[in-house]
Amino acid sequence: MIIKSSSYAVSAVKESQYPKDNLPEIALAGRSNVGKSSLINTLLKRKNLARTSSQPGKTQTLNFYLVNDEFYLVDVPGYGYAKVSQKRRQEFGEMIQDYLETRPNLKGLIILIDSRHQPTKDDIAMYEYAQYLNIPILVVCTKMDKIKKSQTNKVMSGLKKHLDLSYDHVTVLTFSSVTKLHVAELGDWIEDKINQ
Ligand code: GTP
Ligand code: MG
């Protein structure tokens with residue numbers, strides 16, 4: 001996919017605030033601090049379009065970015081951040097659930113998992129939930145620049161132990177926002193999904 005243009009469109013916490021132009025959407029999910037906003041910037045070749053932070057909990061709303069006037073990337077608050085209050089966590093959960101369950105133009109979900117760690121309970125729950133909703137999934141093992149080359153196979157076998165990758169509509173990619181590993185493949189997956 002060639003990125004010709006990208007811009008921030010809107011932030012939303014409920015359906016009435018989502019974009020109304022009916023373009024296809026690709027959303028990102030994953031633990032707080034896993035690198036969702038960074039992946040958006042890397043794909044779009046923008047330094048700071050999606051706000052990133054070394055402090056978890058940076059993204060707090062559904063943030064829609066318009067790409068090529070063709071589709072939206074939807075940055076989603078991360079899960080599993082202990083310092084967020086129980087009440088706030090529940091609100092985040094409901095906001096994400098409402099979006100994933102009711103959005104007809106959602107064409108795919110990118111689930112990011114930190115390559116350095118085994119998938120968490122939350123990662124597994126998100127993966128199974130997306131399967132249940134029948135949304136095409138791209139599992140992205142990110143921060144691969146932190147992994148020794150010799151450990152690459154271990155990342156994949158750890159993943160397979162926790163996620164049933166034999167489901168339909170699942171693709172897996174290793175990725176790094178630092179080295180741009182597999183950024184072209186990421187673009188290809190998105191292009192494929194928005195055109196289906
Ligand atoms: P929330 O908005 O809190 O849910 O976090 P997020 O998933 O959007 O993470 P974000 O993109 O803000 O990145 C969190 C931290 O990880 C930042 O310090 C990034 O620079 C760093 N980071 C993101 N991707 C990579 C990567 O591929 N490699 C390395 N080494 N660091 C990364
Ligand atoms: Mg973020």
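**Figure 1. Q118 and the residues it touches.** Leaving out residues up to four places away in sequence, Q118 touches G158 and H162. This is a predicted model. Q118 belongs to the loop that lies between strand 5 and helix 3 (121-133).

**Figure 2. The protein as a whole.** The protein has five helices and seven strands. Along the sequence they follow the pattern β-β-α-β-β-α-β-α-β-α-β-α. The radius of gyration is 16 Å, close to the 16 Å that the globule rule gives for 196 residues, so the protein is as compact as a globular protein of that length. Taken along the principal axes, the box filled by the C-alpha atoms is roughly 45 × 40 × 35 Å. Of the 196 residues, 38% are buried. Among contacts with a separation of 6 or more, 74% are between residues 24 or more positions apart.

**Figure 3. The shell around ligand 1.** Ligand 1 is surrounded by 24 residues, and the closest are G35, S38, T52, T59 and G78. Which class of residue makes up what part of this shell? The shell has 15 polar residues, five charged ones and four nonpolar ones. Helix 1 (residues 36-44) gives the largest share of the shell, with three residues.

**Figure 4. Helix 1 and what covers it.** Eight of the nine residues of helix 1 are buried, which makes the helix mostly covered. The buried residues are K36, S37, S38, L39, I40, N41, T42 and L43. Most residues other than glycine have a negative phi.

**Figure 5. Strand 4 and its two partners.** Strand 4 is mostly covered, with five of its five residues buried. F71, L73 and D75 point one way from the strand, while Y72 and V74 point the other way. In a regular strand the side chains alternate between the two faces of the sheet. Strand 2 and strand 4 run parallel and are joined by three bridges. Strand 3 and strand 4 run antiparallel, and five bridges join them. Which residues pair with L73? I26 is a bridge partner of L73, and Y65 also stands opposite L73.

**Figure 6. V74 and the nonpolar core.** The largest nonpolar core has 42 residues, and V74, I111, V139 and V140 are those with the most contacts inside it. Strand 5 gives the most to this core, with six residues. Which residues is V74 in contact with, leaving aside its neighbours within four places in sequence? They are E25, I26, A27, L28, L62 and F64. V74 is itself a buried residue of strand 4.

Figure 7. N68 is in the loop between strand 3 and strand 4. These two strands form a hairpin with three residues between them, in which N68 takes a positive phi near 55°. N68 counts as partly exposed because it has 15 C-beta neighbours inside 10 Å. Where is H169? H169 is in the loop between helix 4 (152-162) and strand 7 (170-174). Although H169 is not a glycine, its phi is positive, about 60°. H169 has 14 other C-beta atoms within 10 Å, so H169 is partly exposed.

Terms used. Residues numbered from 1 in each chain as written. Chains lettered and ligands numbered in written order. Predicted model: local features only at pLDDT ≥ 70, side-chain atom pairs only at ≥ 80, totals over all residues. Near = placed C-beta within 6 Å. Helix = DSSP H or I, 4+ residues; strand = E, 2+ residues; numbered from the N terminus. Nonpolar A, V, L, I, M, F, W, Y, C, P; charged D, E, K, R; others polar. Buried ≥ 20, exposed ≤ 12 C-beta atoms within 10 Å, placed from the backbone. Rg over C-alpha atoms; globule rule 2.2 N^0.38 Å. Contact = placed C-beta atoms within 7 Å. Core = buried A, V, L, I, M, F, W, Y, C linked by C-beta atoms within 7 Å. Pairing = 2+ DSSP bridges.
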